[in-house]
Amino acid sequence: MKIVNVKEVEVSLCCGGKMRSEAQFGIESAVLILDTIATFPLRHEVCVLSGYNGTIFAYGQTGSGKTFTVTGGAERYSDRGIIPRTLSYMFGEFQKDSSKVYTTHISYLEIYNECGYDLLDPRHDASKLEDLPKVTIMEDTDQHIHLKNLSLHQANNEEESLNLLFLGDTNRMIAETPMNQASTRSHCIFTIHVSSREPGSATIRRSKLHLVDLAGSERVTKTGVGGQLLTEAKYINLSLTYLEQVIIALAEKNRAHIPYRNSMMTSVLRDSLGGNCMTTMVATLSVDKRNLEESISTCRFAQRVALIKNEAILNEEIDPRLVSKLDAHLLTRVKDQG
Ligand SMILES: Nc1ncnc2c1ncn2[C@@H]1O[C@H](COP(=O)(O)OP(=O)(O)O)[C@@H](O)[C@H]1O
Ligand SMILES: [Mg+2]
């Protein structure tokens, strides 16, 4: 575990994986770390590009740099965060690999007070979060989660995908007023859906990479608020508690039941947090004496996440269109013979 100074008063803490040995003090290393984290779920044999799900999430109290880390700062190109770096690397890899045909779709979901909102709906001129289409969770008989009303947008290159990120972030900002700082009180999940197939092959590999900017992890008692803010804080605390419960359950050996269903966020991340994927956590800390308690609790959470042992599963299926074509072909042959 190493603390990396990104800005004089802000630090980002990277824990686990390769980052430990690469982390050094200074801005250059901050960029190196961001690039390392952003490309981590894409660089290995078992990775999003080869059909395994992944999640990168930022956890920490409000003001500690989660959004800056995940999306980036607007002022300088070098301030771009994990999402643009991941997209850039990913489309570069697609271009290099001529053995497969890749298709990419993007979705961007905001969860506020346990309600989901689609940040990428082009039909809406949103002036507040509630104007955006509401996203609800449906579970099918095989216990697969489906998100009703969450739009998926095809992105053919880095530029198109960055435009979608920009659209989503604009909707995020519009929905936020000084009275309703929704973005620090909501969870945002930017998801890259990748499918790949070798030309002529009937097998499709599908994977998802969730890039998650969580709501601030500070506790209600400290914020000293009432009314709506208190309601929001309770929801945040509750959903982060549920996330923690899932993390604890995942880290326990031989644990049969993982309580994903308790909150919308853990339901959405269900197939991308546990055994099926590669999970990276970025813990952000505000190094001020007053924040010591929060910082310790963030580090404790990071420690728990580091205990999860994942066994990634390949998401591979036969193209359903080819299967029905084959069925029809067989039927005709049977009929011809009969
Ligand atoms: N590494 C950094 N370098 C420069 N500015 C930063 C850095 N991290 C955070 N900031 C700034 O600090 C403020 C709070 O960061 P933000 O990412 O919004 O925190 P959070 O999302 O955790 O609430 C923002 O104005 C952001 O631009
Ligand atoms: Mg934020």
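Colleague: What should I know about the model and its numbering before we start?
Modeller: It is a predicted model, where local features need pLDDT of at least 70, side-chain atom pairs count only at pLDDT 80 or more, and totals for chains, interfaces and linings use all residues. Residues are numbered from 1 along each chain as its sequence is written, while chains are lettered from A and ligands numbered from 1 in the order in which they are written.

Colleague: Thanks! Where does UniProt put the "binding site" feature?
Modeller: The unreviewed UniProt entry places it at G60, Q61, T62, G63, S64, G65, K66 and T67. Positions follow the numbering used here, feature names are shortened, and annotations may be inferred rather than shown by experiment.

Colleague: Where does G60 sit, and is it buried or exposed?
Modeller: G60 lies in strand β3, residues 53-60; strands are DSSP E runs of at least two residues, helices are H or I runs of at least four, and both are numbered from the N terminus. G60 counts as buried because it has 27 C-beta neighbours inside 10 Å. The cut-offs are 20 or more other C-beta atoms within 10 Å of its own for buried, 12 or fewer for exposed, and partly exposed in between, with C-beta atoms placed from the backbone.

Colleague: What does G60 contact?
Modeller: Setting aside neighbours within four places in sequence, G60 is in contact with K66, S217, A283, T284, L285 and T298. Contact means that the C-beta atoms, placed from the backbone, lie within 7 Å.

Colleague: And Q61, where is that?
Modeller: Q61 is in the loop between β3 and α3 (66-70). Q61 is buried too, with 24 other C-beta atoms within 10 Å. Not counting residues up to four places away in sequence, Q61 touches G216, S217, E218, S286, N291 and E294.

Colleague: Switching to α11, how far does it reach?
Modeller: Helix α11 (residues 292-306) has 15 residues and spans 21 Å from first C-alpha to last, close to the expected 21 Å, which is 1.5 Å times one less than the number of residues.

Colleague: Which of its residues are buried?
Modeller: In α11, those are E294, S295, T298, F301, A302 and V305. They are on the same side of α11 because they cover an arc of only 120 degrees around the axis, taken from the directions from the helix axis to the C-beta atoms.

Colleague: Which are exposed on the other side?
Modeller: L292, E293, I296 and R300 are exposed there.

Definitions and conventions
Contact = placed C-beta atoms within 7 Å.
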